[in-house]
Each structure stands twice: as structure tokens, then as C-alpha cells.
Amino acid sequence: MLTERIVRDVAAQTRTRILWDGQMRGLGLRITPSGTKSYVLSYRFAGRKRCMTLARAVEISLKAARKRAGTELATIRSGESDPLARRASAERQPTVGRLIERFLTDYAPGRIEHGRMTESTLRLYGRQCRRYICPALGSVRVTEVTRHDIEAAVAELKPVLRNRVLALLSRLFNLAEIWEWRDQHTNPVRGIERAREEPRDRVLSRSELAALGKALAATEPRHPAPVAAIRLAVLTGLRIGEILAIRWEHVDFDSRRLLLPRTKTGRRTHDLPPAAIDILQQLPRINAWAFTVGRDAAVTYSHARKVFAMVASMAGLADVRLQDLRRGFMTRAAASGVGTHLLRDLLGHKTTAMADRYIRAVGDPVREARVRVGAAMAEAMSVTQDRASV
């Protein structure tokens, strides 16, 4: 009979051998020539003799090995399933890494082809998968991922990033259900509370815009294309991704209109102010892209972001991002009296939700309205009191 002492002290020989336990029938200790010791279970299923590995001896005790062997033998006697076949089936089940691979290489390209996803979005998803999802869940089988696993994977992420990664994970597991890799209505992301996001309201003041313009002029000789793209963002309120995607065929200098073939809301046109036309006319036509560093490719978002960070530092601007240029344009448009629907069209959105937000965020008109209405109410109260005293 096997004992803990025998398991610990038995020595390896030139050939693999198995020491059988006298207490649990079918349980044995296999010792390889290299000294590896593993618990095995010999059994018959459907008339065939089988032998499976339960665990390495360093991983579980002899008592635990006997308990596991008894559980497997009870399952075998009931005729439910063959443990080896069940294990092989489990090993064939796709992992989260395989789910991500299918999403990025098979599913997403089709969405891009039909205009339902952009290349930049796909690159963003790829980075999120590589940095945050694969390290935590890549080797876990899709069917075995639990809500606790998801929460642990995003526990250390900042609120905005946490919400973005959770949204991507939810999309991945919805697809896993569609592809029948997981039972329906078992998405482990469902019910996980999202972090509270504080809306960003950073807008550059007149003095900050002047400092930015000075820093851009100083940087232009070294980085002409990114600087021109940043200037165009200030003047038009376009997303930096939309600007970097401009090809010369999209610009009609006669009508001063820009065609945006692919945006978040689909194909649209954008009228360009004279200052924006001047920026485009001064760019050299090196290849098909308006903003390029010389190769047959556009300036990348990461390059433009790095140049903007450098320029912002030179200008002494704190806590400023490229997206703030678009917000500044829209906020000033709202302050000038542009209505909700016109502002929606300037934004290039399908709804007026963001336009309403910009209009509500405008400081001066709201403040003036409060002062004006408050003064009127004070005057009304004063008149009432005067009449009452008479």
C-alpha cells in the first residue's frame, strides 16, 4: 500500500514504473527515469482499459489523490463519461486568447469593409487586448471565465480605461455566445458596475491659444506635417483622426469643401474656413496624403500626439489633450449663439446630445442669463415691497 513516506522516498530507476495503491483500487504512483512522480488512475470504460494522470505528486497529497480517484471511479461506474475523453474535450475548448484572435483577424476586418468599424478603432482594440486582456485572461477557456475573473482583470485600471476595457470584453463574450463558444445569456461582464466618469471640460483660453500658436510656429521647421494637422484641428473642430486621414482627392479648393468618406457617423462633407484652406495649400504634395512625413502613408495618431505634447509643454499648457482643441472650437461656437441643430452638424453627430452638452457648458451666456434674470426678479420683489409699504 502506498504511504506518504513511500511517495516521498521512492527512487527513480532506468525505466518508468508504477507502484499501485492497496487501499484505492486502480490508483498508482508513476515514477519516470527523470524522477518525476505522478498519481495515475487505471480503469475500464466501455470494455477498454484506460490510464489517466490525476496530478503530479508534488501538487497534491496521497489522501487527496485517493479522494480524486474515488470521485472519478464513481463517475465511470455510473456510465456518465470517460474521464480521458472529457479532458480531451475540455482541452479543445477555445481560450480567451483564441476568441481575441478570431475577433481581430476574422470578425473586425469584415466590419471595417462594411463601414461598421474604423482602422483606428481596430488598432485601439488590439492594444487593449494585448495590454490588459490577454495577460489576465488569455489562457483561460472561454466557458470558464467568471464575473470574478473579469473584475480582477480590470481592478487596477483607471475609471475611463476600465469602462472601455469592460465594453470590449462584453462585446467579445457576446460574440462568444453567437459563435456558440459559450452558453446563451452567460456573458460574465453583465452586471459589473461601471466606474463613474467625470466629463472633461478643458478649454484653452485666448492667452493659451496664443501661447500654443507661438509654440507651433517654433516647432514647425522640425515637424511641419503634424503641426499643420494640429492647426487645422484648432480652426475646424475636426477630430484629429479625421484630419490625418485627409487625402488630396478629398479636398475641393474651389468650393472650399472637404469630403470625409469615413467618420463615426458615416460619409459627410465639411466646409473649410479660408485659414484652413491656406494651411492645406501650403502643404507640399508628396503623395496621396495631405499630412505625411514622406513615406506613402499618413502621419500617425501617435506621432501627432507626441508632437502636440511637446508643443503644449513649450507653451506651458497643463492638462491639455488633442481632443480639447475640438471641444474649444465647439464651446466657442455655442458661445457665439450657434443653435443646437447647427452645432450638431458642426460636430458631425447624428443626435443633439453632445451639442446640448456644449451649449450647457458655455460659461458667459449662462452667467449673463442668471444675472439678468436675477436682477429682474429682484426688481419685481422691490416693486412688491414698495406697494406693500404704501
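Of the 390 residues of this chain, 36% count as buried, where buried means under 20% relative accessible area, exposed over 50%, and partly exposed in between, with a 1.4 Å probe and protein chains only. Colleagues, the model is a predicted one: local features need pLDDT of at least 70, side-chain atom pairs count only at pLDDT 80 or more, and totals for chains, interfaces and linings use all residues. Residues are numbered from 1 along each chain as its sequence is written, and side-chain values use heavy atoms, with hydrogens and water left out.

Let me begin with the chain as a whole. It holds 16 helices and seven strands; these are DSSP runs numbered from the N terminus, helices being H or I of at least four residues and strands E of at least two. The accessible surface comes to about 23,300 Å², and carbon and sulfur atoms account for 51% of that surface; the areas come from the Shrake-Rupley method with a 1.4 Å probe, and for residues only the protein chains shown count as cover. Among contacts between residues at least 6 apart in sequence, 52% join residues at least 24 apart, a contact being heavy atoms within 4.5 Å.

I turn now to helix α9, residues 224-236. Two packed helices are described by the angle between their axes and the distance between the axes. How do α9 and α11 pack? The angle between α9 and α11, residues 274-281, is about 165°, and their axes are 9 Å apart. Here axes are lines fitted to C-alpha atoms, for helices over the stretch in contact, and angles run from 0 to 180 degrees between N-to-C directions. The two helices are therefore roughly antiparallel, given that angles under 35 degrees count as roughly parallel, over 145 as roughly antiparallel, 65 to 115 as roughly perpendicular and the rest as oblique. From α9, Ala228, Arg231, Leu232, Leu235 and Thr236 meet Ala275, Ala276, Ile279 and Leu280 of α11. The residues of this contact divide into seven nonpolar, one polar and one charged; Ala, Val, Leu, Ile, Met, Phe, Trp, Tyr, Cys and Pro count as nonpolar, Asp, Glu, Lys and Arg as charged, and the others, Gly among them, as polar.

With α12, helix α9 packs at an angle of about 80°, again with axes 9 Å apart. α9 and α12 are therefore roughly perpendicular to each other. Pro226, Val227 and Ile230 in α9 meet His303, Ala304, Val307 and Phe308 in α12. That contact has six nonpolar residues, one polar and no charged ones.

Glu220 lies in the loop between α8, residues 206-219, and α9. Is Glu220 buried, partly exposed or exposed? Its relative accessible area is 29%, so Glu220 is partly exposed. Residues up to four places away in sequence aside, Glu220 touches Val227 and Arg231. The C-alpha atoms of Glu220 and Val311 are 9.9 Å apart, although 91 residues separate them in sequence.

Finally, two further loops. Most residues other than glycine have a negative phi. Arg256, in the loop between β5 and β6, has a positive phi near 55° and is partly exposed at 40% relative accessible area. Asp254 belongs to the loop between β5 (251-252) and β6 (257-260), and its 77% relative accessibility makes it exposed. Asp319, in the loop between α12 (301-315) and α13 (322-335), has a positive phi of about 50° and is exposed, with a relative accessible area of 52%.
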